[in-house]
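Hi,

Here is the structure I promised to pass on. Have a look at it first, and my notes follow below.

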Amino acid sequence: MAKSIEIKKTKYLNPYIGGVLLGIVLLAANFVSGRGLGASGAIKSAIVTVETTIAPVSSESSGFVKEFRQSHAGNPMKTWLVFEMLGVLVGGFLSGAFAGRLKFKVEHSPKITSMKRLFLALGGGVLFGFGSQLGRGCTSGSALSGMAVLSLGGFITMMAIFGTAFALAYFFRKNWI
Amino acid sequence: MKPLRLLALFIIPMGLIIAAVPQNKTKPYKLTAEQLLGEVNTRTQYLTPDAVADMIIKKDPTLRLIDVRSQDEFEKFNLQGAINIPVTDLLSEKYADILNQDGKMNVFYSNGTLTANEAWMVTRQLGYNNNFVLEGGLNYWFDAILNPNKPASTSPDEEFAKYDFRKSAGAALGGGSAIQPSQDQSTVSAKPAITAGIKKKKAAGGC
Amino acid sequence: MGPLSVNELISENTNLFLAFIIGIGFGFVLEQSGFSSSRKLAGVFYGYDTVVLKVFFTAAITAMLGLLFFSLFGWIDLSMVYVNPTYLTSAIVGGIIMGAGFIMGGYCPGTSFCGASIGKLDAFVFIGGLFLGVFIFGIGYPIWDGMYLAKFLGSPKISTTLGLTDGVFAILLIMVALAMFWVAEWAEKKFPREEY
């Protein structure tokens with residue numbers, strides 16, 4: 001027992017220190033570019049690129065692509081969020097390499113199989129992808145960055161995300177505990 | 001428990017300080033006084049009545065005439081298609097999108113040039129582009145466009161060309177007697193190009 | 001002075017390069033805090049691991065205080081900083097859908113990229129799901145664009161809506177967050193679990 005507590009202390013960064021560092025990163029993003037962090041926007045860029053490459057004519061007329069074009073001129077992949085997410089992959093990899101956490105694995109509760117975990121991850125991803133477009137941003141883009149600039153929408157989205165997850169937690173407890 | 005106390009020790013005093021100090025609402029000027037003086041000296045903000053009349057007649061979609069006089073004066077007389085933004089309400093939030101944009105050419109006018117120039121100075125110092133002043137104001141507009149004086153017979157050809165244009169423009173804009181439209185409009189000053197402003201980039205964002 | 005790119009103090013390409021650097025910092029901090037583990041993330045909803053709550057709110061408060069102080073010193077023009085627009089209906093409905101996705105998938109988009117970068121296969125599958133979800137939203141856009149654009153309130157600040165100054169709202173948020181952290185540490189003691 002004593003040993004596991006010791007491991008717990010050293011394995012990850014203290015959450016408050018992590019939080020302050022993340023806040024500084026967010027502050028830097030706002031200072032440099034006047035906007036917060038984000039993730040789902042990069043996926044949207046990629047989808048728009050694929051759609052306009054495969055079916056240029058029909059996709060340009062869709063409201064989704066039009067709405068994207070209004071706010072992003074030029075190549076959809078040459079946007080702030082795409083570069084930022086490439087950085088996330090590099091940063092996460094570097095951190096994992098330093099901490100010795102690089103390993104291919106499926107993480108799940110011992111009560112469920114890997115296959116079930118993967119199906120749930122896919123389902124969760126679809127829901128999150130859809131929700132992030134409807135809610136104009138994910139936990140980082142809308143909730144976290146929105147809260148930092150005191151956006152009303154950011155607070156509402158944050159409460160909706162965490163409130164729903166809390167409310168549904170009981171039904172999914174076997175997957176995690 | 002210790003890290004939480006440490007965090008609280010930092011953020012509570014910082015929160016109290018930020019709650020106690022007044023909010024910084026000053027909008028920093030985008031142009032220094034020297035830059036503005038430079039622009040004033042080169043008179044870049046002026047558009048001649050001929051250029052404006054030409055744009056009205058050609059129904060140039062980028063032109064937006066802005067009457068900076070009071071609402072009363074605006075209702076008594078205004079130029080075709082003009083909107084009214086009294087200079088007293090210039091900084092009102094509802095006009096910000098009209099004044100700070102990069103798609104149109106805003107032309108301020110008043111009776112003389114004084115009020116229009118005041119409006120131009122304020123918006124220019126805030127860094128807004130594409131705002132201009134009608135040279136000579138409405139008074140000169142009447143003289144030049146609606147009641148042009150026939151130049152003396154000894155005048156150079158350009159003067160006559162200008163007169164023809166003004167005469168026809170005046171007719172098209174309601175005033176004077178109609179004559180044949182002038183073929184030569186080379187005297188009409190070239191209109192300045194619309195420059196991209198700061199506004200467009202601000203819209204970037206979203207996740 | 002700031003934001004640098006909006007005030008054209010740095011070029012567009014420099015801005016994108018800095019985005020990459022900021023992204024590295026983002027990914028590094030997320031991974032160091034344990035956000036690459038879905039079981040750790042989901043822990044907040046069962047009380048056994050509240051790292052998400054702590055990191056999330058500490059980060060939001062740090063950035064918020066930073067922006068307010070930068071504005072106070074005149075280092076950043078807050079009117080130039082992007083404030084997320086508020087579309088009431090879509091913010092709530094989108095948030096509910098995202099919440100369901102969170103508890104099902106165990107990741108959010110940013111953390112799934114972080115998990116994928118250290119080889120979590122469930123994170124890769126989650127990212128595949130994200131692409132699918134965004135794609136579905138795109139092709140069905142005409143069906144829900146009414147909801148997407150409903151109840152537009154502009155880009156209000158929560159402090160303005162509540163009739164407070166930014167600073168007073170900040171200290172209130174700090175007090176609420178500290179109270180939540182205190183409850184979270186109590187919950188972690190009460191529902192202990194091994195570290196994943």
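In this predicted model, strand 5 of chain B (residues 131-134) is covered on both faces. B:N131 and B:V133 are buried on one side, and B:F132 and B:L134 are buried on the other.

Strand 1 of chain B (residues 46-47) runs parallel to strand 5 and is joined to it by 2 bridges; here B:Y46 has B:V133 as its bridge partner. Strand 4 of chain B (residues 105-109) is parallel to strand 5 as well, with 3 bridges between them, and B:N106 stands opposite B:N131. If you trace the chain from strand 4 through helix 6 (residues 114-125) to strand 5, you will find a right-handed β-α-β unit in chain B.

Next, the contact between chains A and C. It draws on 108 residues of chain A and 112 residues of chain C. On the chain A side, helix 2 (residues 15-33) gives the largest share, with 18 residues. By type, the chain A residues that touch chain C are 61 nonpolar, 34 polar and 13 charged.

Finally, helix 3 of chain C (residues 51-72) spans 31 Å from its first C-alpha to its last over 22 residues, close to the expected 32 Å. Because 20 of those 22 residues are buried, helix 3 of chain C is largely enclosed by the rest of the structure. Just after this helix, C:G74 has a positive phi of about 75°.

Best wishes

Conventions. Residues numbered from 1 in each chain as written. Chains lettered and ligands numbered in written order. Predicted model: local features only at pLDDT ≥ 70, side-chain atom pairs only at ≥ 80, totals over all residues. Buried ≥ 20, exposed ≤ 12 C-beta atoms within 10 Å, placed from the backbone. Helix = DSSP H or I, 4+ residues; strand = E, 2+ residues; numbered from the N terminus. Pairing = 2+ DSSP bridges. Right-handed = clockwise from strand over helix to strand, strands pointing away. Contact = placed C-beta atoms within 7 Å. Nonpolar A, V, L, I, M, F, W, Y, C, P; charged D, E, K, R; others polar. Expected span 1.5 Å × (residues − 1).
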